[in-house]
Amino acid sequence: VQLQAYGGGLVQAGGSLRMSCAASGRTFNTYAMGWFRQAPGKEREFVAAITRSDGTTYYADSVKGRFTISRDNAKNTVYLQMNSLTPEDTAVYYCAADPTSSGIRGRPSYWGQGTQVTVSS
């Protein structure tokens, strides 16, 4: 599966962004989908994930209550709505796919290209 992320950019602290990730192929609904991020000088970290079937969602503690992941299987797209952004959310964000809900939260099989999110103070 190939993944293409959209929607990064520059936003002021307290603002919102919505990112999208479009997946190629006809088997989108067989993959759990997720988002990761990597800030300068830091390791890539898990942000959010959504299962392939029942839509169960998982979030990192640092974004819980502020970020919402969702998916539209008809459009082969996963979204990340980011609210109440802070400068600590500045990072390159990556979407990812994996056949399993455990894999999507650990070591996903497929990665999209990164998209920069910068939150100014």
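A search of the whole structure finds one disulfide (cysteine sulfur atoms within 2.5 Å). Cysteine 21 and cysteine 95 form this bond, with their sulfur atoms 2.1 Å apart. This is a predicted model: local features need pLDDT of at least 70, side-chain atom pairs count only at pLDDT 80 or more, and totals for chains, interfaces and linings use all residues. Residues are numbered from 1 along each chain as its sequence is written, and side-chain values use heavy atoms, with hydrogens and water left out.

**Disulfide**

- Cysteine 21 lies in strand 3 and cysteine 95 in strand 9, so the pair ties together parts that are 74 residues apart in sequence. Strands (E, at least two residues) are DSSP runs, numbered from the N terminus.
- The torsion about the S-S bond of cysteine 21 and cysteine 95 is about 50°, so the disulfide is right-handed.
- Cysteine 21 and cysteine 95 are both buried. Buried means under 20% relative accessible area, exposed means over 50%, and partly exposed is in between (1.4 Å probe, protein chains only).

**Nonpolar core**

- The largest nonpolar core has 36 residues. Such a core is a set of buried Ala, Val, Leu, Ile, Met, Phe, Trp, Tyr and Cys residues joined through side-chain atoms within 4.5 Å.
- Trp35, Leu80, Met82 and Tyr93 touch the most other members of this core.
- Tyrosine 93 has contacts (heavy atoms within 4.5 Å) with residues including Met19, Trp35, Phe36, Leu80, Met82 and Val117, not counting residues up to four places away in sequence.

**Phenylalanine 36**

- Phenylalanine 36 sits in strand 4.
- Its relative accessibility is 5%, so phenylalanine 36 counts as buried.
- Phenylalanine 36 and aspartate 89 are 53 residues apart in sequence, yet 11 Å apart in space, C-alpha to C-alpha.

- Asparagine 76 has a positive phi, near 55°, and is not a glycine. The loop between strand 7 and strand 8 holds asparagine 76.
- Asparagine 76 is buried, because its relative accessible area is 17%.
- Serine 84 also has a positive phi, about 50°, although serine 84 is not a glycine. Serine 84 is in the loop between strand 8 and strand 9.
- Serine 84 counts as partly exposed, because its relative accessibility is 42%.

Note on methods:
Helix = DSSP H or I, 4+ residues; strand = E, 2+ residues; numbered from the N terminus.
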